[in-house]
Amino acid sequence: MAMKVIIGADPLGFAIKEDVKKYLLSSGYEVEDITGDGPIDYYNVGYNVGKRISSGEFERGIIFCGTGMGVNIVANKFPGVYCGLCESVLTAKLCRIINNCNVLSMGGTLNGGFKAVEMAKAFMETGFSEGFSEASPEFLQKSFCCVQDIESEIFN
Ligand SMILES: O=C(CO)[C@H](O)[C@H](O)COP(=O)(O)O
């Protein structure tokens with residue numbers, strides 16, 4: 001079954017979102033785009049995507065605004081959301097390997113469509129704790145569990 005991915009963009013993230021959406025659809029992912037026809041503010045993108053990742057309805061999310069920061073801040077308010085703000089292909093890859101991020105955010109004022117797609121590819125195609133010479137998979141997995149413990153303490 002295809003992985004379910006939720007995406008959304010405010011007006012400043014719209015153009016690169018369209019390029020990433022094309023990549024996701026052509027790669028066979030099941031994509032829901034919450035953007036719609038009218039403009040949507042960055043905090044509503046972060047809210048709607050964060051909520052539906054947190055509920056478990058979607059496995060991954062990719063969100064866009066001018067800088068990637070506003071959508072990132074709001075999405076990360078939800079338990080179970082690990083949103084990485086990335087400005088390079090390397091960080092998009094490392095946010096999966098090291099942090100097990102399930103949401104990627106990026107900015108339309110900082111990235112062109114080609115780079116946005118390369119970052120999305122790195123995010124979608126990289127596994128957690130795989131192939132990182134600086135730390136063992138055991139350490140990365142234990143660290144992620146500690147992050148989840150902190151989260152449980154805060155939310156419960
Ligand atoms: O980068 C952003 C948030 O981090 C927004 O895209 C930027 O602030 C523009 O939003 P608005 O047009 O609603 O002011």
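The legends below describe close-up views of a predicted model.

**View 1. Helix α6 and its length.**
Helix α6 runs over residues 137-155. How far apart are the end C-alpha atoms of helix α6? They are 27 Å apart. This agrees with expectation, because 19 residues at 1.5 Å a residue should span 27 Å.

Three residues of α6 are named as buried: Leu140, Phe144 and Glu151. Seen down the axis of α6, the buried residues fall within an arc of 35°, so they line one face of the helix. An α-helix has 3.6 residues a turn, so residues three or four places apart point the same way. Among the elements that cover the buried residues of α6 is α4, residues 89-97. Which residues are exposed on the other side of α6? They are Glu138, Asp149, Ile150 and Glu153.

The residues around the ligand include Asp10, Leu12, Asp41, Tyr42 and Cys65. Gly66, Thr67, Met69 and Gly70 also belong to this group. In the side chain of Asp10, an N or O atom is 2.6 Å from an oxygen atom of the ligand. With Gly66, the polar atom belongs to the backbone, and it is 2.7 Å from a ligand oxygen. Thr67 also has a polar backbone atom facing this comparison, at 3.0 Å from an oxygen atom of the ligand. How much of the accessible area of the ligand does the protein cover? On its own the ligand has 370 Å² of accessible area, and the protein covers 58% of it.

Thr126 is found in the loop that links α5 (113-125) and α6. Is Thr126 buried or exposed? Thr126 counts as buried because its relative accessibility is 11%, and the cut-off for buried is under 20%. A polar atom of the Thr126 side chain lies 2.6 Å from the backbone oxygen of Ala122. Leaving out residues up to four places away in sequence, Thr126 touches Arg60, Lys93, Arg96 and Ile97.

**View 2. Ser105 in strand β5.**
Strand β5 covers residues 103-107, and Ser105 is part of it. The relative accessible area of Ser105 is 0%, so this residue is buried. Which residues does Ser105 touch, not counting those up to four places away in sequence? Its contacts are Ile63, Gly68, Val71 and Asn72, together with Cys83, Gly84, Leu85 and Cys86.

How values were computed:
Residues numbered from 1 in each chain as written. Predicted model: local features only at pLDDT ≥ 70, side-chain atom pairs only at ≥ 80, totals over all residues. Heavy atoms only, no water. Helix = DSSP H or I, 4+ residues; strand = E, 2+ residues; numbered from the N terminus. Expected span 1.5 Å × (residues − 1). Buried < 20%, exposed > 50% of the residue type's maximum accessible area, 1.4 Å probe, protein only. Arc of directions from axis to C-beta. Contact = heavy atoms within 4.5 Å. Near = heavy atom within 4 Å. Polar contact = N/O pair within 3.5 Å; in protein donor to acceptor, adjacent residues only side chain to side chain. Areas by Shrake-Rupley, 256 points an atom, 1.4 Å probe, with all protein chains shown as cover.
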